[in-house]
Amino acid sequence: IAPQACGAEELSALLQDGECLRDGGILIVQTVAPAWSDAAVDPIAGVLEPLGFEIQFRLSDRSRTVCVARRVGVGGFKQAA
C-alpha cells in the first residue's frame, strides 16, 4: 500500500523496478490527478504496466484515484509472448 497520494513520477520513484512485490501480489495506491487531463493518456498505467502490474480496479473521486493492481510478472509465458 502506498501510504500517500502521489503523482506518476513519485509513484515510479517509490516502486523503482517493481520487484518489491512477487508475482500475484497486490498493490494499492492513491494517486493525484495530473494538472492536465487527457483521457487517452493514463500516466499511472504507464508507470505500472512496464513493471509487470495490471490495474484491476480503479475508483476516482474529485482529484484522487485509488488503483488496485496485481503484479502479473514479466517472466515465464508473458516474456515468451
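Two strands count as paired if DSSP finds at least two bridges between them, and the strands (E, at least two residues) are themselves DSSP runs, numbered from the N terminus. The model is predicted, so local features need pLDDT of at least 70 and side-chain atom pairs count only at pLDDT 80 or more, while totals for chains, interfaces and linings use all residues. Residues are numbered from 1 along each chain as its sequence is written, and side-chain values use heavy atoms, with hydrogens and water left out.

**Exercise 1.** Determine how E2 and E3 are joined, and describe the hairpin that they form.

Solution. Begin with the direction: E2 and E3 run antiparallel, and eight bridges join them. Turning to the hairpin, two residues lie between the strands, and Arg62 takes a positive phi near 55°.

**Exercise 2.** Work out the order of the strands in the sheet and find its edges.

Solution. The sheet is open and consists of three strands in the order E1-E3-E2, with antiparallel pairing. Its edge strands are E1 (26-32) and E2, each of which pairs on one side only. From one strand to the next the twist averages 20°, where axes are lines fitted to C-alpha atoms and angles run from 0 to 180 degrees between N-to-C directions. The antiparallel pairing of E1 and E3 extends over seven bridges, and Thr31 has Thr65 as its bridge partner in E3.

**Exercise 3.** Characterise the surroundings of Ser63.

Solution. First locate the residue: Ser63 is in the loop between strand E2 (53-61) and strand E3 (64-71). Next consider its exposure, for which buried means under 20% relative accessible area, exposed over 50%, and partly exposed in between (1.4 Å probe, protein chains only); with a relative accessible area of 39%, Ser63 is therefore partly exposed. Finally, leaving aside residues up to four places away in sequence, Ser63 touches Thr31, Val32 and Ala33, a contact being heavy atoms within 4.5 Å. Although Ser63 and Thr31 are 32 residues apart in sequence, their C-alpha atoms are 8.5 Å apart in space.

Key
Helices (H or I, at least four residues) and strands (E, at least two) are DSSP runs, numbered from the N terminus.
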